[in-house]
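Reader: I have a model open and want to learn how to read its features. Where do we start?

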Amino acid sequence: MSVIIITGSCGLVGSEAVNFFCNKGFEVVGIDNNTRKILFGKDGDTNWVKKKLKTNFKNYKHFHTDIRNKKKIEKIFKFFRKNISLILHCAAQPSHDWAYKNPRLDFEINALSTLNLLELFKKYSPSSKFIHMSTNKVYGDNPNKLSFIEKKNRIDLNKKNKLFKGIDETFSLDRSTHSLFGVSKTYSDLLVQEFGNNFGIKTVTFRAGCITGPSHSSAKLHGFLSFLVKNLIQKKKYQIIGYHGKQVRDNIHAHDLVSCFWEYYKKPTIGEVYNIGGGRFSNCSILEAISLVQKKINKKIKIEYFNTPRRGDHKWYISNCDKFRKHYPKWKQKYNTEKIIFELYDNYCQLR
């Protein structure tokens, strides 16, 4: 049986991938030590996801291992060796704020661990594929330098702007202010590309916008859309940091993202990079997201505004996915923002 190794297997993307590949009949090896709970407290705890995966899938094997521990990770690679057909690297330290407080921890998790995994991939299963989850934060604050127009509930580009459809892979990473999180992810992003280009092995990096879905253990510092819905249901209030809530994010459901992985798995390339996200099909401002939740909640929502945005935060970001669509025309999106938010709402109501 083909083996798929998934780091961060109890996180949002990792757990969605476990479900997908287990249902395809693969033997799935998950690596996740619930660091998210350490980073984000009770809200970030993913033990509930681990229990669910272990209960639902007999072909899922879980390792409670820190990805920074190369010796322990090497034992996993050495055991499965050439049976490995895919390494899906989803584990990360995803918070701007945490990176600012502890840049070394951030770099070790995001950058050094990626190097370790790539070296083990090259050593033990070089004929397999390596998929890396990157982020749009590699572009720093360059998106904020675009010529925006301000509308009632959102910041946007004029339809005549060449980037109206979204930011593509040719957009500059340079001459910008990155968050420290953005720096560590940029290192791993480029490293994955260069291992492919230098050693001729099948690697790909996906630069994602906001990823979401009901399996997200969202917290204040990470998981924008899921946390927004949860907070509005539980507390009837939300804190907006910067840009008056008009900042725009595209939102891709974890299911649609994992579908991208499957297309790549069937037709892999070497050293490729793709911007991936909701695009013009699925995006919203914070104010627009709150408005959608308000349709479901009959009580008044309290909004608290903070004028100063997070360092390196985007005023507007929409992914242009044309390159991926051109290379993989069978990929289709199923979830727009409204469908995502209503699913999140129904899921949280069921859990209460």
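Author: Start with His314, which counts as buried because its relative accessibility is 0%. Buried means under 20% relative accessible area, exposed over 50%, and partly exposed in between (1.4 Å probe, protein chains only). Before going on, note that this is a predicted model: local features need pLDDT of at least 70, side-chain atom pairs count only at pLDDT 80 or more, and totals for chains, interfaces and linings use all residues. Residues are numbered from 1 along each chain as its sequence is written, and side-chain values use heavy atoms, with hydrogens and water left out.

Reader: Where is His314 in the fold?

Author: Helices (H or I, at least four residues) and strands (E, at least two) are DSSP runs, numbered from the N terminus. His314 sits in the loop between strand 14 (302-306) and strand 15 (316-317).

Reader: What does His314 touch?

Author: Contact means heavy atoms within 4.5 Å. Leaving aside neighbours within four places in sequence, His314 contacts Asn136, Lys137, Gly140, Asp141, Pro143, Asn144, Tyr243, Gln247 and Arg249.

Reader: Which backbone oxygen does the His314 side chain reach?

Author: That of Gly140, at 2.7 Å. A polar contact is a pair of N or O atoms within 3.5 Å; within protein, one must be able to donate a hydrogen and the other to accept it, and residues adjacent in sequence count only if both atoms are side-chain atoms.

Reader: Tyr243 was in that contact list. What is the phi of Tyr243?

Author: Positive, about 60°, although Tyr243 is not a glycine. Tyr243 lies in the loop between strand 10 (237-241) and strand 11 (248-253). With 19% relative accessibility, Tyr243 counts as buried. Asn34 is another case: its phi is near 60°, a positive value in a residue other than glycine. Asn34 belongs to the loop between strand 2 (27-31) and helix 2 (35-40). Asn34 is buried too, at 9% relative accessibility.

Reader: Now Gln93. Is Gln93 buried or exposed?

Author: Buried, because its relative accessibility is 1%. Gln93 is placed in the loop between strand 4 (84-89) and helix 5 (96-101). A polar atom of the Gln93 side chain lies 2.8 Å from the backbone nitrogen of Ser95. Not counting residues up to four places away in sequence, Gln93 touches Leu39, Phe40, Trp98, Ala99, Asp106, Ile109, Asn110 and Phe181. For scale along the chain, take Phe80: 13 residues separate Gln93 and Phe80 in sequence, and their C-alpha atoms are 26 Å apart.

Reader: Next, charges. How do I read a salt bridge?

Author: Side chains of opposite charge can pair when their charged atoms come close. The rule here is a side-chain nitrogen of Lys or Arg within 4 Å of a carboxyl oxygen of Asp or Glu. By this rule the count is 15 salt bridges. One of them joins Asp45 and Lys37 (3.8 Å, N to O). Lys37 is partly exposed, at 40% relative accessibility.

Reader: Which residue pairs with Lys165?

Author: Asp322, with the closest N and O atoms 2.8 Å apart. Lys165 lies in the loop between strand 7 (155-157) and helix 7 (180-199) and Asp322 in helix 11 (residues 322-327), so the pair ties together parts that are 157 residues apart in sequence. Both ends are partly exposed: Lys165 at 49% relative accessibility, Asp322 at 35%.

Reader: Which residues do salt bridges with shared partners join into one network?

Author: Arg154, Asp156, Arg280 and Glu288. Within it, the closest N and O atoms of Asp156 and Arg154 are 3.0 Å apart. Asp156 is buried at 3% relative accessibility, and Arg154 is buried at 10%.

Reader: How do I read the faces of a helix?

Author: An α-helix has 3.6 residues a turn, so residues three or four places apart point the same way. In helix 3 (residues 47-56), the residues Val49, Lys50 and Leu53 are buried. Seen down the axis of helix 3, the buried residues fall within an arc of 100°, so they line one face of the helix. That arc is taken over the directions from the helix axis to the C-beta atoms.

Reader: What do the buried residues of helix 3 pack against?

Author: Helix 1 (12-23) and strand 3 (60-63). The face turned away from the buried side of helix 3 carries the exposed residues Lys51 and Thr55.
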